[in-house]
Amino acid sequence: ASDVYKRQIYISLGYAITDRLLVALGRSNSADNVELQARYGIAHQGGVDGWPIGVSVQTSFNFVTQEIPNTARFAGERFKATGQLSLTHQVGDRTGLAVVPGVLFNPAEDVDGEPVLITIGLGGRYRFTRQLSVIGEWAPIVSGFTRTRTFGNDIRFDTWGGGLEIATAGHVFQIVVTNSVGLTSDQYLRGGDMDLFEGKMRLGFNIFRVLSW
């Protein structure tokens, strides 16, 4: 099957070094992308200091390992970096909102000299019950957009996604639809290839497992 139609899979394992700091290493078969992530929680809404919002920062370093014509294995254009600031607010017992400004350095490995890409991610969750929620996100690009291609697909739209989230003991399941062709931070920040107004979207399924001892 063509790469355009193959299943995109991302597997990641994270470890909480402290109550505030999480590091994770993952890999996606989308461009054979290896991703090292770190997330640090600065403040929780409420808490001992009475913050009105939750604040955290996240960064990722990505290495595109797939074969690129006329590009050395460890060429600089294969390496990318992202940074995101998460601002979250819980409204009552059921609704959560998020604003997530983000930056992406070296957005496209096949384009030279493109500017830094800047996004303003918007997200929300509404919880129907303790186990069932509806979720959604949209990451409009506000600066530095460069039209590129992934698996031959034209990346020309802001990334969006939404679906259902089901929480069970120790697991979280998400069934989502999205226009993104990539799964790593550097891929979904730079946009998607499908137009919602043409009725085009992808179906995705995420599983999160929390281990503690």
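1. Where is Thr65 found? Thr65 sits in the loop between strand S4 (54–64) and strand S5 (79–91). Helices (H or I, at least four residues) and strands (E, at least two) are DSSP runs, numbered from the N terminus.

2. A word on the source. This is a predicted model, in which local features need pLDDT of at least 70, side-chain atom pairs count only at pLDDT 80 or more, and totals for chains, interfaces and linings use all residues. Residues are numbered from 1 along each chain as its sequence is written, and side-chain values use heavy atoms, with hydrogens and water left out.

3. Is Thr65 buried or exposed? Thr65 counts as buried because its relative accessibility is 15%. Buried means under 20% relative accessible area, exposed over 50%, and partly exposed in between (1.4 Å probe, protein chains only).

4. Look at the contacts of Thr65 (heavy atoms within 4.5 Å). Beyond its neighbours within four places in sequence, Thr65 touches Ala31, Asp32, Val34, Arg73 and Arg78.

5. Now the whole chain. Along its principal axes, the C-alpha trace spans about 55 × 35 × 35 Å.

6. Of the 213 residues, 38% count as buried. Among contacts with a separation of 6 or more, 49% join residues 24 or more positions apart.
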